[in-house]
Amino acid sequence: MSVKHQIILILIGLFLLTSPSIPTSLGVPAGSISEGNISFNYRNVTVYAPAVSEAGTSYIGVISTITVTVQGNGSGRVFVDTLPLTDVDMQGSARLAVKVASTLVSTDTRPHLDPLTCDYFFVVRTTSPMIGGPSAGAMMTIAVISLLENWTLDNNTVMTGMINPDGSIGPIGGIPYKIDAAHSVGATRFLIPKGQTTYTEMITEYQNINGIIWQNTYPVTRNVTEYAQTNYGMDVFEVEDINDALLYFTGWTFPVKESPDKITTEDYITAMKPLATSLLDEAQESYQNASDLFNTSTIPNRYPNYYRNQVTDFLNTASDRLDESIHWYDEEVYYTSTSKSFQCLIDSHFVSYICQYFSLDNQAEFVQSLINQTVQNYQNNTVLTKDAPIQGMVTLQCVGAAQQRVNEAASYISEANTSFLNADYFTALYNIAYAQQRIESVRWWLNISTPFHDSGDINETMITSLAEEYLDDAQQAIVYSEIIINEMGKTSDFLNDAKDLLQTARSEQEQGYSAAALFGSFESLVKANLALELVDGVTNDKIERARTQASASITESRTIGIEPVLAVSYYEYGRSLANESSLDTAIVYYKYADLIAGALRYTTPYGVQSSRYVGVPDKNPVVSWNFGPTRYIGFFILFALIGGIAGIGFGILIAGLLSPKKQKEQLFPKDSVPRSIEDYYKKQK
């Protein structure tokens, strides 16, 4: 190569280095359409959504394209076109994506489209049938937000994950297959739900021992970050909510308020302390009465029924719960104190019933009379909960909790009747004790809302509609978790609980207890998600993450004027359970608190916040240099050196291309990896 050619190539290198860089992300195509006096504006974007498809007896990753269009002059309608339509509730995911995106965008102080005056269109295309559930939900939410806010998406990033009603990103399956699919379209960054960096793979080995083939199948835990980096040089990042994902895709974020060290407020203490005080006094009195009655009663204790020993166990348990109630009361953890007092009261009343039972001749009549009294008390409180006014978000929570408790009492009364008919009087008496305390707690919850300023515009129609939406969300999460857990060869008590909770919530909805159905669907959704998230067990890291997120959600809810009293109570109880090392139950209450606070916030978008641009995170952050006034000379020298090196490389490359050479067979067919969404979409036509 001549010196002249080298100089020309150096100049070209310098020009390329100093010229504006070519954007690596897609803009947001926009336009307007007019017909006569009617016109409307639109924006659209096409994104990748990795999925999993069956290939004979195995699975492979496939890429779907989702074209999202936001059209003005609308009314919030959602239209979905999928081809093919197989095992994916894309309609539900699209509606939820619009709901979450609209709520988040509506509170932004920066310019954006009004979500309520837009219609939304989703066109989903894939080369083969998809399986595995609504794992494109989070990606669709990102697309809708970017259109409403007119933000550009990074085209080198692909993600997978469900979108939950509170804006969190739920767990999904098939991540290694989806990483394969993301690589096929040139992705260099892959986002996954928080806590899913590991997955379990079943490995089968065969050994020939003395002519006999032995098969050994065992689970192996693998890391998806290592998988992506080793195979494709792709970076994997965990995202916990839609705000995390927005940062990677757009560089924009909605600032999250920092959580205070203490979640409870003066209003909360004003509401809960009197109840905790009253219940603690009642529990102490009830335990003392039960203890005195037990010491003066004659309860059989001989083979084969050692009744006195059994009753002693219940009395000891009541004593333990009472001590715990006193401890948490002294720590000013009032909801936990009330819960422990509640448990003490159940066991104490049961002991008293047993003592009375053995002192009477007509024992069956005694049990029947208690059932009748409990039924009458239940009926009175049923009317009370159904007629309780819901004036805002605080009373919604309190009435919902009261309705759930009166319905739970109904199930215990039913079980008491069944036990009574089977002459199992001891079980009947315990169920009566439980039902009576549940009925008493109805009034507690209805009165808790008094100290708080209620806020939020909500009515019975809205509550019924919300309950229906969240019941569908819970059903969707259950189906998806069940598919993945079965594929992994695992089982989950959380999943079974989620199904039972969903069935109860649907029954409550049918009976007109919409507030109870709403919060029951929250519980079901939490357990359905946890079934997948905790398939490999609870860790301290997961507990702390759940606690932090719940705390942040509570703080954000308060920032826009909603007091999440129920969420605070469950958060408080979760912390006490974590201190007692009951981690499985603690994480349930943290997640439940998080979902309640988040759902209340996302359901009623009022208050304002401001999005801010911080830039799409670099995979390999560049060190910032500052050489003072002479920095421009340094940059010129640097560019010249780099340009010279690039020129030499360029010259060698051209020389190589111009010289005759035997054509090597290509490892990949030409243009097999599309460079952009447009390229990929053209290939599918």
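Predicted model: local features only at pLDDT ≥ 70, side-chain atom pairs only at ≥ 80, totals over all residues.
Two packed helices are described by the angle between their axes and the distance between the axes. For helix α11 (residues 393-421) and helix α15 (residues 514-533), the axes come within 7 Å and cross at roughly 85°. Angles of 65 to 115 degrees count as roughly perpendicular, and α11 and α15 are therefore roughly perpendicular to each other. On the α11 side, the contact is formed by L396, Q397, V399, G400, Q403, Q404 and N407. The residues contributed by α15 are S514, A515, A516, L518, F519, G520 and E523. Sorted by class, the contact of α11 with α15 comprises six nonpolar, seven polar and one charged residues.

Helix α8 spans residues 307-330 and contains 24 residues. The distance from its first C-alpha to its last is 35 Å, close to the 34 Å expected at 1.5 Å a residue. Buried positions in α8 are V311, L315, A318, S319, R321, L322, S325, W328 and Y329. These buried residues pack against three helices: α7 (266-296), α9 (334-359) and α17 (565-579). After α8 comes E332, which has a positive phi, near 65°.

A disulfide is a covalent bond between the sulfur atoms of two cysteines. A search of the whole structure returned zero disulfides.

Methods: Residues numbered from 1 in each chain as written. Heavy atoms only, no water. Axes fitted to C-alpha atoms, helices over the stretch in contact; angles between N-to-C directions. Helix = DSSP H or I, 4+ residues; strand = E, 2+ residues; numbered from the N terminus. Parallel < 35°, antiparallel > 145°, perpendicular 65-115°, else oblique. Contact = heavy atoms within 4.5 Å. Nonpolar A, V, L, I, M, F, W, Y, C, P; charged D, E, K, R; others polar. Expected span 1.5 Å × (residues − 1). Buried < 20%, exposed > 50% of the residue type's maximum accessible area, 1.4 Å probe, protein only. Disulfide = S-S within 2.5 Å.
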